[in-house]
Amino acid sequence: MEFRHLGRSGLVISEIAYGNWLTHGSQVEEDAAVACVHAALDEGITTFDTADVYAGTRAEEVLGRALKGQRREGLEIFTKVYWPTGPGKNDRGLSRKHIMESVEGSLRRLQTDYVDLYQAHRFDHGTPLEETLRAFDDLVRQGKVLYVGVSEWRAEEIERALKIADEMGFDRIVSNQPQYSMLWRVIEEEIVPLCEREGIGQLVWSPIAQGVLTGKYLPGQPPPAGSRATDEAGGANFIKGMLTDDILTRVQNLRPIAQDLGLSMAQLAVAWVLQNPNVSAAIIGASRPEQVRDNVKAAGVKLDDDVLKRIDDVLGPVVVRDPAKTASPARRP
């Protein structure tokens with residue numbers, strides 16, 4: 001395993017992190033989820049990412065049980081707040097009330113006294129940004145949160161938060177968690193330049209594009225049984241826009257590139273996002289331990305410029321680059 005600093009902070013994390021968005025507590029049974037976490041630990045992963053909303057709070061519980069007995073100082077545990085975790089009007093968003101109550105629930109479920117990184121899971125248009133940042137800063141002062149970050153915020157939203165933090169003496173944002181892959185590059189035009197300048201690292205999710213970049217989805221054929229595309233209660237809605245024949249054909253044309261490098265398709269996809277120096281970690285998910293063991297082999301892989309160009313030539317017009325695709329709900333969900 002290779003390690004990188006989280007942005008310009010002093011926190012060092014594994015460049016491949018383990019996340020449990022669509023798996024723990026929902027897509028796979030707990031025994032399999034625990035086996036995946038233990039495989040991640042065996043492979044040298046020290047960074048684990050979750051959120052209070054995943055599987056209706058069950059994902060945090062599963063992760064807490066899976067990590068029980070591990071040396072806490074040797075782990076970096078990240079979670080998030082914003083999406084609804086209950087029926088009440090204040091069981092969502094980034095108000096001071098919800099943040100303070102939500103972190104207590106997360107700590108209890110994760111069986112820890114603190115989280116290494118607490119992230120605003122979206123931008124809350126219904127709460128003054130000063131209120132959110134002061135609540136986060138208070139949690140840092142209380143020792144319940146060590147660092148603060150955001151997820152899927154636009155460049156101008158991050159910039160506003162940094163300005164307020166500087167003016168009010170709050171701890172600054174050290175990370176952003178965006179979707180990023182060979183197929184989805186919306187952060188490159190605005191987010192990455194800002195974050196490079198301000199010392200904010202990217203914790204990228206879906207580096208394998210929900211499994212599309214593994215090559216297992218074939219043009220003109222139905223999705224494999226048991227795959228994410230067939231999970232109507234989980235990831236099917238997130239992946240269906242990428243299951244066009246054009247995209248799937250182009251992805252199959254990446255196979256010779258991976259073979260030339262001695263990599264699996266998944267390893268090539270994870271290695272690709274790690275070539276961006278603003279990326280602090282690629283978050284992988286898994287439903288089986290062997291997927292973890294395959295993906296971690298991307299750590300430390302260097303792709304030459306000619307390889308990156310070959311990938312660009314293959315994918316061409318199917319790459320999504322529009323920065324406007326990063327958007328939070330106009331109102332709290």
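In this predicted model, the buried residues of helix α10 are M265, A266, Q267, L268, A269, V270, A271, W272, V273 and L274. With 10 of the 10 residues of α10 (residues 265–274) buried, the helix is largely enclosed by the rest of the structure.

Strand β6 (residues 115–120) and strand β7 (residues 145–151) run parallel and are joined by 5 bridges. Q119 has G149 in β7 as its bridge partner, while A120 stands opposite V150 of that strand. As for solvent, β7 is mostly covered, with 5 of its 7 residues buried. In general, strands of a sheet pair through backbone hydrogen bonds, in either a parallel or an antiparallel manner.

Attention now turns to helix pairs. Two packed helices are described by the angle between their axes and by the distance between the axes. For helix α1 (residues 30–42) and helix α2 (residues 58–67), the axes come within 9 Å and cross at roughly 55°. This angle makes α1 oblique to α2, and the crossing of the two helices is right-handed. On the α1 side, the contact is formed by E30, A33, V34, V37, H38 and L41, which meet V62, L63, R65, A66 and L67 in α2. Sorted by class, the contact of α1 with α2 has 8 nonpolar, 1 polar and 2 charged residues.

Helices α5 and α6 give a second example. Helix α5 (residues 155–168) packs with α6 at an angle of about 20°, and their axes are 9 Å apart. Because an angle under 35 degrees counts as roughly parallel, α5 and α6 are roughly parallel to each other. The crossing of α5 and α6 is left-handed. In α5, the residues A155, I158, E159 and L162 meet I191, L194, C195, R197 and E198 in α6. By class, this contact of α5 with α6 has 6 nonpolar, no polar and 3 charged residues.

E198 lies in helix α6 (residues 191–198). How exposed is E198? Its relative accessibility is 22%, and since buried means under 20% and exposed over 50%, E198 counts as partly exposed. Leaving aside neighbours within four places in sequence, E198 is in contact with R8, L162 and R172. Of these partners, L162 is also among the α5 residues that meet α6.

Methods
Residues are numbered from 1 along each chain as its sequence is written. This is a predicted model: local features need pLDDT of at least 70, side-chain atom pairs count only at pLDDT 80 or more; totals for chains, interfaces and linings use all residues. Side-chain values use heavy atoms; hydrogens and water are left out. Buried means under 20% relative accessible area, exposed over 50%, partly exposed in between (1.4 Å probe, protein chains only). Helices (H or I, at least four residues) and strands (E, at least two) are DSSP runs, numbered from the N terminus. Axes are lines fitted to C-alpha atoms, for helices over the stretch in contact, and angles run from 0 to 180 degrees between N-to-C directions. Angles under 35 degrees count as roughly parallel, over 145 as roughly antiparallel, 65 to 115 as roughly perpendicular and the rest as oblique. A crossing is left-handed if the near helix is turned anticlockwise from the far one by less than a right angle, and right-handed if clockwise. Contact means heavy atoms within 4.5 Å. Ala, Val, Leu, Ile, Met, Phe, Trp, Tyr, Cys and Pro count as nonpolar, Asp, Glu, Lys and Arg as charged, and the others, Gly among them, as polar. Two strands pair if DSSP finds at least two bridges between them.
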